[in-house]
Amino acid sequence: MSRALEVRLAPTRQVRVRAMAKVNLDLRVLAKRPDGYHDLRTIFQTISLADSLDIAYTPGRQTDIEAEDSLNIPDNLVVRAARLAMEAMGARGRVELRLVKRIPMGAGLGGGSSDAAAVLLALPVLVGRTLDAARMRELAEQLGSDVPFFLLGGQAVGIGRGSELFPLPDQPACPGVLVAPGIHVSTPEAYRRLSPRLTSESLQNKIVSFQSRTWEPVSGVAGANDFEEVVFEQHPELAILKKRLVVAGASTAMMTGSGSALFGLFHNRDEVTRAIASLREEKTFRISLVNRVRYRAMWWQALKQHIDGRVWPPRSRYLR
Ligand code: C5P
């Protein structure tokens with residue numbers, strides 16, 4: 001068959017995936033680095049709240065990427081992710097992306113990062129080319145500090161910019177409540193406020209207490225989020241919401257990322273139901289922590305129809 005005919009007859013391959021949100025079970029900001037970013041110690045955790053993303057790929061002579069989303073997000077990260085992935089694979093064709101946003105934006109839940117990681121994970125499978133794990137991680141890091149975590153999922157320690165990851169053992173699927181008060185916090189702005197308060201005296205304590213938490217990773221045990229101090233100063237209503245989660249019986253109640261969403265973890269679903277009732281005037285979501293086994297199973301389920309004998313999740317050729 002001629003190449004032109006082959007391209008014309010090539011069918012569209014498509015998939016619908018769930019791009020899950022994350023919370024930070026612990027988040028310490030250590031110091032500003034020469035590259036302008038801050039060194040972190042954090043524990044990421046995927047949660048059940050997710051955006052829905054339809055990705056379709058049709059082989060073609062030139063690359064054309066189209067994205068449509070429920071909120072008309074300017075400069076949507078999914079488009080950049082698709083462009084980087086197509087270039088890295090040396091592939092051409094039409095990529096159509098349709099995103100239904102459920103994860104609140106500017107809330108510290110990593111929604112945009114998760115959407116971008118979902119494109120990196122799914123597109124090579126649809127295109128039928130491999131993009132090994134090391135290359136995929138590099139692209140993820142270019143897209144944003146939180147993106148690499150979503151290639152992994154479950155619970156993981158993030159250091160450096162937050163993109164050097166160390167997987168932690170899976171924890172039980174603890175139920176929880178997410179409160180999204182509709183306040184958009186700018187991440188760079190939150191770092192700017194926090195930066196002058198980072199002292200070398202507090203550094204050692206932070207490192208030691210963070211380490212003790214990762215040596216005994218217990219689901220449902222309170223961590224710390226350094227952004228709470230500066231963000232609560234600007235938005236005192238968030239501190240009140242945190243207290244209300246504690247009063248409702250949360251074993252852990254804290255802000256995620258640079259805010260403004262807060263989450264509470266509970267012992268069982270009945271406690272969650274009562275907590276949601278007590279916060280009825282707020283926008284709340286019932287969530288559960290999603291461990292790595294479930295995260296991978298979800299990805300495998302979504303992509304398996306397009307995987308023929310290739311290894312998934314992608315592995316680095318250097319990791320033998
Ligand atoms: O990497 P990302 O684009 O998500 O980061 C957004 C902004 O947050 C950066 O431009 C930087 O101002 C700040 N940031 C930081 N240190 C980090 C991560 C993010 O200062 N570790």
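Which helix is the place of Ile276?

## Ile276 and what the model is

Ile276 sits in helix H10, residues 269-278. Helices (H or I, at least four residues) and strands (E, at least two) are DSSP runs, numbered from the N terminus. Leaving out neighbours within four places in sequence, Ile276 is in contact with Val177, Thr284, Phe285 and Arg286, where contact means heavy atoms within 4.5 Å. Ala248 is 28 residues away from Ile276 along the chain, and the two C-alpha atoms are 8.8 Å apart.

A quick word on the ground rules: this is a predicted model, local features need pLDDT of at least 70, side-chain atom pairs count only at pLDDT 80 or more, and totals for chains, interfaces and linings use all residues. Residues are numbered from 1 along each chain as its sequence is written, and side-chain values use heavy atoms, with hydrogens and water left out.

## The ligand site

Who surrounds the ligand? The residues are Gly36, Tyr37, His38, Leu40, Gly144, Ser145, Arg161, Thr187, Pro188 and Tyr191, each with a heavy atom within 4 Å of it.

Some of these residues also make polar contacts (pairs of N or O atoms within 3.5 Å). His38 puts a polar side-chain atom 2.8 Å from a ligand oxygen atom, while Ser145 has a polar side-chain atom 2.5 Å from an oxygen atom of the ligand. With Arg161 it's the backbone: a polar atom there is 3.0 Å from a ligand nitrogen atom. On its own the ligand has 450 Å² of accessible area, and the protein covers 72% of that (Shrake-Rupley method, 1.4 Å probe).

## H2 against H4

Helix H2 (residues 77-89) and helix H4 (residues 133-143) have axes that come within 10 Å and cross at roughly 150 degrees. Those axes are lines fitted to C-alpha atoms over the stretch in contact, with angles running from 0 to 180 degrees between N-to-C directions. The crossing is right-handed, meaning the near helix is turned clockwise from the far one by less than a right angle.

On the H2 side you'll find Leu77, Arg80, Ala81, Leu84, Ala85 and Ala88, and they meet Arg135, Leu139, Gln142 and Leu143 of H4. By type, the residues of this contact split into 7 nonpolar, 1 polar and 2 charged.

Two loops deserve a look. Gly259 and Ser260 are joined by a cis peptide bond, with omega about 10 degrees, and Ser260 lies in the loop between strand E8 (252-255) and strand E9 (262-265).

Asn72, in the loop between strand E3 (64-69) and H2, has a positive phi near 50 degrees despite not being a glycine.

Technical notes. Nonpolar A, V, L, I, M, F, W, Y, C, P; charged D, E, K, R; others polar. Polar contact = N/O pair within 3.5 Å; in protein donor to acceptor, adjacent residues only side chain to side chain.
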